[in-house]
Amino acid sequence: MLRNHRGVILLTALTPAIWGTTYLVTTELLPPGRPLLAAVIRALPAGLLLVAITRRLPQGIWWWRALMLGALNIGVFFALLFVGAYRLPGGVAATVGAVQPLLVALLSAGLLGERLTVRTLLAAAAGVAGVSLLVLRADARLDALGVAAALGGAAVMAVGVVLSKRWQSPAPLLATTGWQLVAGGLLLVPVALVVEGAPPAGLSGANVAGYAYLSLVGAALAYALWFRGLRVLPATKVTFLGLLSPVVATMLGWVVLGQELTVAQGFGAVIVLGALVVAQVQPSRRREAARVRPPRRWSAARVRPSGEGQWPRRRCTYRRLPSGPVHSIRTTPATAASATRDGSAQ
């Protein structure tokens, strides 16, 4: 088990970095116009492979939980992502999807009891602004259905992330990941057949390599790391890492495809990375200690008689000390008289 907090964050960050390579692999290696087919091949074979390796099937309540999580995290999410990508420019779809950390933060506060801080809200707003500078174009046109699909995709995956954190499976990580990939892939099969028709008759070597990369690396490895992070880290911190995906995609387009990188895009990347760092930083121990008030410590003070042979009815008076054990003396007429004789009352 990874006990190093930073190590877990870095490993989990590999997932959105891998997802950021999807655009490059799709445009350069896969047949054009088949995003749903790519989604099916990406999810279903990887899920079947993980289930075969672990030899574990869901038990009891986890049959419908695996189906629901697979639909939210993969099946329905990919379908809505497909609609948004086709009806919106890529920059608009990515910008709308960047609201996911904010949605996860709100849901986590209600369902997981995570604390919703001003810093988290500001980091979420900065993430949306940074992604918009990074990928949004001035001539981008909005489409109501496309915006609704992109926003719905972000909301669906946000719910899936929070429920994945809330429902901790007793099965091994790879088995749970495999169940969700199989469930999501099976839900996508009829959608792909209706929208895109039958798969192409022949595939080139580049097509096979691209599909193999998306399935083994982009799904099996990436989702295993993603769900591993959700088991260890707060859901809000994990979802902020998803903002790395458009950064990696933009950098790969610049380095590999020779696409232009403007100053505004570079500034947007810096804002996104800054939001990621702010979201991952934990409060200092000094601040956490300051939130916990030290217990009050009291010491019994000497009770002086109000007159000869007379003592007040109250048991004792107290004065507050900065530190030290708690003392309590019950003073009765008998014990008080004895304390007065030997001078032991403190």
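I began with Thr27, which lies in helix H2. For secondary structure I took DSSP runs, numbered from the N terminus: helices are H or I runs of at least four residues and strands are E runs of at least two. The model is predicted, so I recorded its conditions: local features need pLDDT of at least 70, side-chain atom pairs count only at pLDDT 80 or more, and totals for chains, interfaces and linings use all residues. Residues are numbered from 1 along each chain as its sequence is written, and side-chain values use heavy atoms, with hydrogens and water left out.

I looked up the accessibility of Thr27 and found a relative accessible area of 39%, which makes Thr27 partly exposed. The classes I used are buried for under 20% relative accessible area, exposed for over 50%, and partly exposed in between, with a 1.4 Å probe and protein chains only. I then noted that Thr27 and Gly210 stand 183 residues apart in sequence, with 9.8 Å from C-alpha to C-alpha.

Which residues are buried in H2? In this helix, residues 22-29, I listed Thr22, Leu24 and Val25 as buried. They span an arc of only 165° around the axis and therefore sit on the same side of H2. The arc is taken over the directions from the helix axis to the C-beta atoms. I found that the cover over the buried residues of H2 includes helix H1 (5-19), helix H3 (35-54), helix H10 (205-232) and helix H12 (244-255). Contact here means heavy atoms within 4.5 Å.

**Entry: Leu11**

In helix H1 I looked up Leu11. Leu11 has 34% relative accessibility and therefore counts as partly exposed. The C-alpha atoms of Leu11 and Gly229 are separated by 7.8 Å, although these residues are 218 residues apart along the chain.

**Entry: H3 against H10**

Two packed helices are described by the angle between their axes and the distance between the axes. My axes are lines fitted to C-alpha atoms, for helices over the stretch in contact, and the angles run from 0 to 180 degrees between N-to-C directions. For H3 and H10, the axes come within 8 Å and cross at roughly 60°. H3 and H10 are therefore oblique to each other. I classed angles under 35 degrees as roughly parallel, over 145 as roughly antiparallel, 65 to 115 as roughly perpendicular and the rest as oblique. The crossing of H3 and H10 is right-handed; a crossing is left-handed if the near helix is turned anticlockwise from the far one by less than a right angle, and right-handed if clockwise.

On the H3 side the contact includes Leu37, Ile41, Arg42 and Leu49, and on the H10 side it includes Tyr211, Leu214 and Gly218. By class, I recorded 12 nonpolar, 2 polar and 1 charged residues for the contact of H3 with H10. Ala, Val, Leu, Ile, Met, Phe, Trp, Tyr, Cys and Pro count as nonpolar, Asp, Glu, Lys and Arg as charged, and the others, Gly among them, as polar.

I next took H3 with H4, whose axes come within 10 Å and cross at roughly 155°. H3 is therefore roughly antiparallel to H4. This crossing of H3 and H4 is right-handed. Pro35, Leu36, Ala39, Arg42 and Ala43 of H3 make the contact with Ile74, Phe78, Phe82 and Tyr86 of H4. The classes for the contact of H3 with H4 are 8 nonpolar, no polar and 1 charged.

In the loop between H3 and H4 I found Arg55. Its relative accessibility is 76%, so Arg55 counts as exposed. I noted a phi near 55° for Arg55, a positive value in a residue other than glycine.

**Entry: H4 against H8**

Helix H4 (residues 62-87) packs with helix H8 (residues 144-166) at an angle of about 160°, the axes being 8 Å apart. H4 and H8 are therefore roughly antiparallel to each other, and their crossing is left-handed. Among the residues in contact I noted Leu72, Val76, Phe77 and Arg87 in H4, and Gly152, Gly153, Val156 and Gly160 in H8. This contact of H4 with H8 has 14 nonpolar, 7 polar and 1 charged residues.

**Entry: whole protein**

Finally, I counted 15 helices and 2 strands in the protein. Of the 346 residues, 42% are buried.
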